[in-house]
Each structure stands twice: as C-alpha cells, then as structure tokens.
Amino acid sequence: MTELKTYTGGCHCGKVRYEVKVDLSSPVIMCNCSRCSKLGAMLAFAPVDQLTLKEGGDVLTDYQFNKKVIHHVFCSVCGIESFARGVGPNGQEMCAINVRCLDDVDIDALKTMKVDGKSL
C-alpha cells in the first residue's frame with residue numbers, strides 16, 4: 001500500500017521552494033553513480049505533475065551529463081540540487097526528489113535501497 005503524502009522542500013538558501021506528493025514508505029534510492037555519490041543524495045521518485053515549484057524558477061540552473069536525459073537543476077545561489085527532472089524507463093516524465101531537501105523528514109527512519117548506478 002502506498003502512502004502518498006504532500007511535503008515541502010527546497011534548497012539551502014530558501015530561494016527554491018516546492019511542494020511534492022511522494023511516497024516515502026517505499027525505499028528511497030541510494031545511488032553510487034558519480035553524481036549521486038558526490039552529492040550524498042537520497043532519492044524518491046514522483047511523476048512530474050506531482051511537483052509544484054512555488055519559488056525560485058528564475059534561479060535554477062540546469063546540468064546534464066552522460067546520456068543527457070536527466071535535468072539536474074540546482075539553485076544558482078547556494079548550489080543545492082533539491083530535485084531533478086527526466087523521463088523514466090516507461091516514458092513518463094518524472095522528478096527525482098532529493099529527500100534530504102524535504103522539510104521535517106527524519107531520513108534515519110526511511111528504508112533505503114542501494115542502486116549500482118556506477119555500472120549503468
């Protein structure tokens with residue numbers, strides 16, 4: 001059973017703020033790819049229509065690498081990537097939410113799943 005809940009989140013300086021509906025009862029992803037391992041990101045995924053950018057669209061900067069299918073957007077003021085956008089394997093537009101950037105979430109209470117992104 002999914003536990004879809006609404007969370008708020010954003011970057012370190014507060015310029016980027018958003019609201020997202022996401023299920024954190026499922027394991028969040030701990031990926032070892034070059035980007036995620038350097039960021040320390042913990043990822044949960046949601047359809048793009050479940051994310052509403054409230055503030056900061058004007059300060060987001062886009063970074064792409066490798067196959068250039070994921071838009072790693074980050075705050076140009078503080079440098080924090082609180083979410084990314086891309087297309088999932090099924091063709092659906094998705095957001096990868098950096099759970100560490102959600103407000104009032106106890107990350108130590110979340111189940112995690114390691115993903116070998118380094119080998120992809």
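Tutor: Let's start with a term we will need: contact means heavy atoms within 4.5 Å. This is a predicted model, in which local features need pLDDT of at least 70 and side-chain atom pairs count only at pLDDT 80 or more, while totals for chains, interfaces and linings use all residues. Residues are numbered from 1 along each chain as its sequence is written, and side-chain values use heavy atoms, with hydrogens and water left out.

Student: Thanks! Which residues does S82 contact, leaving aside its neighbours within four places in sequence?

Tutor: S82 is in contact with G10, C11, V16, Y18, V73, A96, I97, N98 and C101, once neighbours within four places in sequence are set aside. S82 itself is found in the loop between β7 and β8. Strands like these (E, at least two residues) and helices (H or I, at least four) are DSSP runs, numbered from the N terminus.

Student: Is S82 buried or exposed?

Tutor: Buried means under 20% relative accessible area, exposed over 50%, and partly exposed in between, using a 1.4 Å probe and protein chains only. S82 has 2% relative accessibility, so S82 counts as buried.

Student: What makes C11 and C33 buried or exposed?

Tutor: C11 has a relative accessible area of 9%, so C11 is buried. C33, at 15%, counts as buried too.

Student: How do you know that D103 and R17 form a salt bridge?

Tutor: A salt bridge is a side-chain nitrogen of Lys or Arg within 4 Å of a carboxyl oxygen of Asp or Glu. The closest N and O atoms of D103 and R17 are 2.5 Å apart, and the pair forms a salt bridge. D103 lies in the loop between β9 (93–98) and β10 (112–115) and R17 in strand β2 (residues 17–23), so the pair ties together parts that are 86 residues apart in sequence. D103, at 27% relative accessibility, counts as partly exposed, and R17, at 24%, is partly exposed as well.

Student: How many salt bridges does the structure hold?

Tutor: It holds 2. E81 pairs with R35, with closest N and O atoms 2.5 Å apart. E81 is in the loop between β7 (70–75) and β8 (83–87) and R35 is in helix α1 (residues 34–39), so distant parts of the chain, 46 residues apart, are linked. Both E81 and R35 are buried.

Student: What makes D104 exposed?

Tutor: Its relative accessible area is 83%, so D104 counts as exposed. D104 lies in the loop between β9 and β10, and its phi is near 60°, a positive value in a residue other than glycine.

Student: Which residues touch the most other members of the largest nonpolar core?

Tutor: A nonpolar core is a set of buried Ala, Val, Leu, Ile, Met, Phe, Trp, Tyr and Cys residues joined through side-chain atoms within 4.5 Å. In the largest one, with 23 residues, Y18, V20, L24, I97, V99 and L102 touch the most other members. Strand β2 gives the most to this core, with 3 residues. A second, separate core of 8 residues includes I29, C31, C36 and A84.
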